[in-house]
Amino acid sequence: MTDMMKAWQLPAFGKANLALTHAPVPAFKPNEVLVRVGAVSLNYRDKLVIEGQLLPGLPRMPFVPASDLAGRIVATGEDVTRFATGERVMANFWTQWIDGPPPAEMLTHGLSLGGPLPGVLADYVALPEHAIVHSPPTLSDEEAATLPIAALTAWFALMETGQLRAGQVVLVQGTGGVSLFGLQIATAFGARVIVTSRDPGKLKRAMALGAFHGIDTSEGRDWVDEALRVTDGRGVDHILEVIGGNHLAQSLSAIASEGRVSLIGFLEGPDICLAAVPLMLRRATIQGVSVGHRRAFERMVKAFAEKEIKPVIDRVYPFGTAPDAFAHLDRGPFGKVVISAGTPTV
């Protein structure tokens, strides 16, 4: 291993400033491991960080973006006990959230990879041993790299806090990473899934993953009445709300009595406005979801292996073409966009 590595860095906010550079291989502390990055997946959050919309004034420049990685440990600190050299691992987004209630630092975006902590779009990354989990043996690095944010967000909303039960109805909005993972998780555990999309082609592909009904929302079509129709007026038990803004009010109109709306994204806007009476009459729960803790990640990895869940990847880009991968993210992928940083794993 050399002393230098390739890394994508931002000298200033703005996607146009993303540059491939050479940087020192990071030193690792006694409680840390050095990971040779195999693959990185992209999230909407990465776009916001790069454009300076999520963390104004942070992080310090130059900055390596992106949060999701899968790779192999090439060296360990002297105090490391949970992992060994050669093992395949993934990074946990909230590096200090191990279990239970989240640490207070999360309220200010603290302790998260890819901003304000340095990101993972590099050949090597040093990580605390408490902030990583073993990769599923059933998945390649390219597939495993999609799990830390998108999959864990869907899992935490449906399984950890939502206590999803077989026979319930789940509605996912669109065909991005979180939504498709929600579809796959819900169907694997016996729930019925409704998918909404403005793209009939993507809707057809989502149906092939196991959804029982698709709703075309192109040309501003209302989806609430259709969701109520196919549930015989009862409504939906779980909704993964990725649009946010005023769209959350529509989700509340479609939710079943004592149902749960998980607010995950804010594509329409950061502010919400709701009518109080429908929320009260339905006794519904609206919860904010910001990924999840390491224990949940470990439970999810076990479930993915047992249920043989395979992530949906739209495209894998070579490491040297990272700007093309971010451009693909802007276009709205079907599933995940991945950047391969090494020889693909089996």
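This is a predicted model: local features need pLDDT of at least 70, side-chain atom pairs count only at pLDDT 80 or more; totals for chains, interfaces and linings use all residues.
I started with burial: 55% of the 346 residues in the protein are buried, where buried means under 20% relative accessible area, exposed means over 50%, and partly exposed is in between (1.4 Å probe, protein chains only). Residues are numbered from 1 along each chain as its sequence is written, and side-chain values use heavy atoms, with hydrogens and water left out.

**Overall build**

I looked up the secondary structure next and got 10 helices and 15 strands; these are DSSP runs (helices H or I, at least four residues; strands E, at least two), numbered from the N terminus. The radius of gyration is 20 Å, close to the 20 Å from the globule rule for 346 residues, so the protein is as compact as a globular protein of that length. For the record, that radius is taken over C-alpha atoms, and the rule is 2.2 Å times the number of residues to the power 0.38. The C-alpha trace spans about 65 × 40 × 40 Å along its principal axes.

I also checked contacts (heavy atoms within 4.5 Å). Of those between residues at least 6 apart in sequence, 68% join residues at least 24 apart.

**Rings**

How many aromatic pairs does a search of the whole structure find? I got 4. The rings of Phe93 and Trp94 have centres 4.7 Å apart and planes at 65 degrees, so I logged that pair as edge-to-face. The cut-offs: rings of Phe, Tyr and Trp (its six-membered ring) pair if their centres lie within 6.5 Å, and planes under 30 degrees apart are stacked, over 60 edge-to-face, the rest tilted. Phe93 is buried at 2% relative accessibility, and Trp94 is buried at 4%.

Phe181 and Phe304 make a tilted pair, 6.0 Å centre to centre with 45 degrees between the planes. This pair links distant parts of the chain: Phe181 is in helix 4 (residues 177-188) and Phe304 in helix 9 (residues 294-307), 123 residues apart. Both Phe181 and Phe304 are buried.

Then I went looking for charges over rings (NZ of Lys or CZ of Arg within 6 Å of the ring centre and within 35 degrees of the ring normal). Arg192 has its charged end over the ring of Phe212, 4.0 Å from the centre. Arg205 lies over the face of Phe334, at 4.0 Å from the ring centre.

Which residues of helix 7 (residues 247-254) are buried? My list reads His247, Leu248, Ser251, Leu252 and Ala254. Down the helix axis they fall within an arc of 165 degrees, so they line one face of helix 7; the arc is that of the directions from the helix axis to the C-beta atoms. Their cover includes strand 8 (169-173), helix 6 (224-230), strand 11 (236-241), strand 12 (255-263), helix 8 (276-282) and strand 13 (285-288).

I followed up helix 8, where Leu279 lies. Leu279 counts as partly exposed at 26% relative accessibility. Leaving out residues up to four places away in sequence, Leu279 touches Leu252, Ala284 and Ile286.

**Leu203**

Leu203 lies in helix 5 (residues 200-208) and is buried, with a relative accessible area of 10%. Its C-alpha is 6.3 Å from that of Gly214, 11 residues apart along the chain. Not counting residues up to four places away in sequence, Leu203 touches Val195, Thr196, Ser197, Gly214, Ile215 and Asp216.

I found a cis peptide bond joining Gly115 and Pro116, omega about 5 degrees; Pro116 lies in the loop between strand 5 (88-91) and strand 6 (124-128).

Gln163 is not a glycine but has a positive phi of about 50 degrees, and Gln163 lies in the loop between helix 3 (147-160) and strand 8. Asp232 likewise is not a glycine and has a positive phi of about 55 degrees. Is Asp232 buried or exposed? Asp232 is exposed, with a relative accessible area of 74%, and lies in the loop between helix 6 and strand 11.
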